Amino acid sequence: ISKVKKIFPDIEYFHENSFSYVDRIKKTLNKIKTPFAMCLAEDDFILKKGLFEATNKLIDNNNLIACFGQVTGVDYDLKNKKTYFYHYGDSLEKYEVIQDDYKSRLEFAFSSYRTATSYALFRTENFKKVWSAIETVSCLEATEYEHAINTYIDGKLSTINKNFWIRSKELESLESKYEGTRKTTFSLWMKNDKFILERINFKNRIIN
């Protein structure tokens with residue numbers, strides 16, 4: 001940390017391992033001093049040129065609240081003992097959710113769902129609004145959907161064609177005492193009586 005701060009003195013580092021990741025983000029909302037904000041997982045990488053282009057797109061388009069770029073995956077081949085990269089396909093190329101009313105945005109976004117909001121670049125005011133309305137549940141997929149719903153209720157998202165994010169896939173996700181395991185899929189979470197109170201509160205938050 002001390003070495004990073006010598007190179008990047010503007011970075012403020014906080015380590016909180018006694019909260020869910022949603023609560024860690026919410027605890028930092030009042031610390032954001034920049035006009036734009038985004039999230040990034042600890043084993044992933046943001047590409048500066050893509051970030052600059054996404055920033056410029058938000059500056060040039062006042063009707064957008066968020067912008068996402070193209071994604072490259074990085075994984076590890078155990079058999080050949082080497083790292084390899086792969087493109088996530090064309091599902092995000094020229095993708096945008098820009099309908100004028102939120103009902104149309106939600107219908108379009110969830111008729112053919114794309115993971116485009118969680119790691120998008122946001123205007124800070126919208127970033128804070130979207131995250132502050134989310135609560136921790138035992139299903140990470142549900143949290144992603146809630147984030148997307150909040151985003152598309154709040155405004156419009158577009159993409160850039162430039163590579164923006166390198167997503168690391170070589171490590172298995174760890175189980176969390178706060179968000180459970182990724183094996184708890186959204187469909188399992190919706191069916192299991194153990195999560196009934198979480199589901200009721202989830203629906204009430206979205207309705208509100």
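**Briefing: predicted model of a protein chain**

The protein chain carries 33 positive and 29 negative side chains, and the centres of the two sets lie 3 Å apart. Lys and Arg are counted as positive and Asp and Glu as negative, while His and the chain ends are not counted; each charge is placed at NZ of Lys, CZ of Arg, CG of Asp or CD of Glu. The model is predicted, so that local features need pLDDT of at least 70 and side-chain atom pairs count only at pLDDT 80 or more, whereas totals for chains, interfaces and linings use all residues. Residues are numbered from 1 along each chain as its sequence is written, and side-chain values use heavy atoms, with hydrogens and water left out.

**Overall fold**
- The protein chain contains 8 helices and 7 strands, taken as DSSP runs numbered from the N terminus (helices: H or I, at least four residues; strands: E, at least two).
- Its radius of gyration is 18 Å, close to the 17 Å that the globule rule gives for 208 residues, so the protein chain is as compact as a globular protein of that length; the radius is taken over C-alpha atoms, and the rule is 2.2 Å times the number of residues to the power 0.38.
- The C-alpha trace spans about 45 × 40 × 35 Å along its principal axes.
- Of the contacts with a separation of 6 or more, 73% join residues 24 or more positions apart, a contact being heavy atoms within 4.5 Å.

**Burial**
- Buried residues account for 36% of the 208 residues (buried: under 20% relative accessible area; exposed: over 50%; partly exposed: in between; 1.4 Å probe, protein chains only).

**Cysteines**
- A search of the whole structure finds 0 disulfides, defined as pairs of cysteine sulfur atoms within 2.5 Å.
- Cys-39 is in no disulfide, and the nearest cysteine sulfur, that of Cys-67, is 16 Å away; Cys-39 is buried, at 11% relative accessible area.
- Cys-139 is likewise in no disulfide, the nearest cysteine sulfur being that of Cys-39 at 18 Å; Cys-139 is buried, at 0% relative accessibility.

**Two individual residues**
- Ser-20 lies in the loop between helix 1 (2-7) and helix 2 (21-28) and is buried, with a relative accessible area of 1%.
- Beyond its neighbours within four places in sequence, Ser-20 contacts Thr-136, Tyr-178 and Glu-179.
- Glu-96 belongs to strand 5 (residues 96-97) and is partly exposed, at 33% relative accessibility.
- Beyond its neighbours within four places in sequence, Glu-96 contacts Phe-108, Leu-157 and Ser-158.
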